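Please walk through the structure below with the text alongside. The paragraphs take up a sheet, then the disulfides, then a helix.

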Amino acid sequence: MDAPLSGEKRHVTTPSGPWHPTAVGPNPPLEGRDLKHRRIPKRRVAIAGAGIAALVATGITLQSANAAPGETQPDTLSVGAAGKLANTLTSSLKSDTAGAYYDAKSKKLVVNVVNKGVVDKVRDAGAEVKVVKHTLAELSKARQTLKEKATIPGTSWSVDPRSNKVVVTADSSVKGARMATLDKVADALGDKVEVKRSAGKFSTFIAGGDAIWGDGGRCSLGFNVVKGGQPYFLTAGHCTEAISSWSDSQGGEEIGTNEGSDFPGNDYGLVKYTKDTDHPSAVDLYNGSTQAISKAGDATVGQKVTRSGSTTQVHDGEVTGLNATVNYQEGTVEGLIQTTVCAEPGDSGGALFAGDTALGLTSGGSGDCSSGGETFFQPVPEALQAFGAEIG
């Protein structure tokens, strides 16, 4: 497919169902799935992920610049090492850099720069360099314009460091005058913005890793945490806004009640255990084993990640964007992780993780695990900080 001309917007249609928070209610069936088979025994209750299902392929592949003969070759790095290096370089280069991402295939960090004078500094630090057109300040200004003039239910946007653009996605509910408004705003922003279409609708789901139930719906446990020496768990805020008391079985005895909730704006909720229930720091892998979780961390664009949820169990994908904004029908949520991981209703609140690191709580998206889509996740570190809690 030919690349678009400078300033041209290409509308790309992606497969999938509605964009929504991944909540279902009231008490939806699991379509033949056996909860007892899927749930960790009570002595090993683990918090697993769930959330909004939406996978939107970017359709963009950009090659990183390679060092010329005699120049310093970029180092191969783990995701964790790449994330630390990206933070260091971003801090030191300030306005000379325009974001970074991890190339999982080559295991290298790619750093965007707008000043050719810092190319050697980046290469000497062990990263690849790509000289790009737009600064982060310019892309942030474009995001602010979208927020002010095009906050339309059924849209989302995030900065894509691979394309050096703000990628805007409009779901199937955005049409007529609303689509015209979005196109007008995007056109005025020129080649700093790319507009895509999703065949589904953005929405939130209730459901998740190990199923948790309440009056009117089902969600998923995200991660077990500790606050003030007491056991709690994290789940999606759109779940705790809808349900206040939770059980680990439909119609079962209460195991926890809400301690805090934030949605829209953010999408996280904190539930305090009210019953003596085992609460290991682990995620259900739905194969008879669990993944131990020892810490929380920040996601990196290009990182391979895994989601666990009570409806669709375990699925993998890649981080495609950070600090994403999603305009749900219920309101706008900002600061989300955008991924190609699928999810369906009932996966909300579930765990997004990489190895032993907790990354996110399933929020919402579009699509399903048959046709694909894109899913957004609330970052865990932000939720922990808001509630004064820690993984444990």
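Two strands count as paired if DSSP finds at least two bridges between them. In this predicted model, strand E4 (residues 108-113) and E5 pair in the parallel sense over four bridges. Val 111 stands opposite Val 129, which belongs to E5. Strands of a sheet pair through backbone hydrogen bonds, either parallel or antiparallel.

E4 and E5 are part of an open sheet of three strands, ordered E3-E4-E5, with mixed pairing. Strand E3 (97-103) and strand E5 (128-131) stand at its edges; each has a single partner strand, so one side of each lacks a neighbour in the sheet. On average, and with direction ignored, neighbouring strands of this sheet are turned by 25 degrees against each other. Helix H2 (residues 79-93) lies across E3 and E4 and runs at about 170 degrees to E3.

The next topic is the cysteines. How many disulfides does the structure hold? There are two. With the bonded cysteines of the chain numbered in sequence order, the pairing reads 1-2, 3-4.

Cys 219 is in strand E11 (residues 217-220) and Cys 239 is in helix H6 (residues 237-242), so the bond ties together parts that are 20 residues apart in sequence. The torsion about the S-S bond of Cys 219 and Cys 239 is about -95 degrees, and the disulfide is therefore left-handed. Cys 219 and Cys 239 are both buried.

Another disulfide joins Cys 342 to Cys 369, with an S to S distance of 2.0 Å. This pair links distant parts of the chain, 27 residues apart: Cys 342 is in the loop between strand E22 (331-339) and strand E23 (351-354), and Cys 369 is in the loop between strand E24 (357-368) and strand E25 (372-379). Here the torsion about the S-S bond is about 95 degrees, so the disulfide of Cys 342 and Cys 369 is right-handed. Cys 342 counts as buried because its relative accessibility is 8%, under the 20% cut-off. Cys 369, with a relative accessible area of 23%, is partly exposed.

H7 is followed by Gly 388, which has a positive phi, near 65 degrees.

Methods:
Residues are numbered from 1 along each chain as its sequence is written. This is a predicted model: local features need pLDDT of at least 70, side-chain atom pairs count only at pLDDT 80 or more; totals for chains, interfaces and linings use all residues. Side-chain values use heavy atoms; hydrogens and water are left out. Helices (H or I, at least four residues) and strands (E, at least two) are DSSP runs, numbered from the N terminus. A disulfide is a pair of cysteine sulfur atoms within 2.5 Å. Buried means under 20% relative accessible area, exposed over 50%, partly exposed in between (1.4 Å probe, protein chains only). Axes are lines fitted to C-alpha atoms, for helices over the stretch in contact, and angles run from 0 to 180 degrees between N-to-C directions. Contact means heavy atoms within 4.5 Å.
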